[in-house]
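Please look through the sequence and the structure shown here before reading the report that follows.

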Amino acid sequence: MSAFFLLKFLHVIGAAVLLGTGAGIAFFMLMAHRTGDARTVAAVARIVVIADVLFTATAVIAQPVTGVLLALEAGHPLTSGWIVVSIALYLWTGAWWLPVVWMQTRMRRIALVAAEAGEPLPPSYHRLFRLWFACGFPAFAAVMAIIWLMIARPPLDLF
C-alpha cells in the first residue's frame with residue numbers, strides 16, 4: 001500500500017466521520033428534544049457529547065494532518081485556491097463547532113438537573129437548543145462545501 005493511498009483513505013474516512021457524526025448528532029439531539037422529556041434529553045445529550053469527543057474531535061485533528069500530507073504527496077501547492085478555500089471553510093466550521101460542543105455540554109447539564117428534580121426542561125434549555133440548532137447549519141454547509149472542493153478541486157485563482 002502506497003503512502004498516497006493510505007493518506008487518501010484516512011482523509012476520506014475522516015471526512016465521512018465529520019459529516020456522519022455531525023448529521024447523526026444533530027438527528028439524535030433533535031429527536032430527543034422533540035420528546036420534551038428532560039430524562040431523554042439528558043441521556044441522549046450525554047451520549048452526543050461523548051460521540052463528539054471520541055469521533056468528531058479525533059477527525060478534527062486528523063483532517064488537517066492528512067490533508068496537508070496528502071496535498072504535498074500529490075504535488076498540490078498548499079496555496080492552491082481550492083486548498084486555501086478548504087482551509088478557510090475548515091476554520092469557519094471550527095468556529096461554529098466549538099460553541100456547539102459547549103452548548104451540548106450545557107444542555108446536558110440543564111436537562112440532567114431538570115430530570116433529577118422531576119421538572120420540565122426550563123426556558124434556558126430551549127433558548128440554548130434553538131441557538132445550537134441554528135449554529136449547525138453554517139457548519140454543516142461548510143463541511144459539504146469542503147467535501148465538494150476535495151472532490152472537484154476547481155481551479156480557483158486567489159493569488
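## A proline and the helices around it

Pro64 is partly exposed, with a relative accessible area of 36%, where partly exposed lies between buried (under 20%) and exposed (over 50%), using a 1.4 Å probe and protein chains only. This proline is found in helix α2, and its C-alpha atom is separated by 22 Å from that of Gly24, 40 residues apart along the chain. The model is a predicted one, in which local features need pLDDT of at least 70 and side-chain atom pairs count only at pLDDT 80 or more, while totals for chains, interfaces and linings use all residues. Residues are numbered from 1 along each chain as its sequence is written, and side-chain values use heavy atoms, with hydrogens and water left out.

Helix α1 has 33 residues and reaches 48 Å from its first C-alpha to its last, close to the 48 Å expected at 1.5 Å a residue.

After α1 comes Gly36, whose phi is positive, near 75°.

The axes of α3 and α4, which are lines fitted to C-alpha atoms over the stretch in contact, come within 8 Å and cross at roughly 155°. That makes α3 roughly antiparallel to α4, a term for angles over 145 degrees. The residues of the contact of α3 with α4 (heavy atoms within 4.5 Å) divide into 25 nonpolar, 4 polar and 1 charged.

Conventions:
Helices (H or I, at least four residues) and strands (E, at least two) are DSSP runs, numbered from the N terminus. The expected span of a helix is 1.5 Å times one less than its number of residues. Axes are lines fitted to C-alpha atoms, for helices over the stretch in contact, and angles run from 0 to 180 degrees between N-to-C directions. Angles under 35 degrees count as roughly parallel, over 145 as roughly antiparallel, 65 to 115 as roughly perpendicular and the rest as oblique. Ala, Val, Leu, Ile, Met, Phe, Trp, Tyr, Cys and Pro count as nonpolar, Asp, Glu, Lys and Arg as charged, and the others, Gly among them, as polar.
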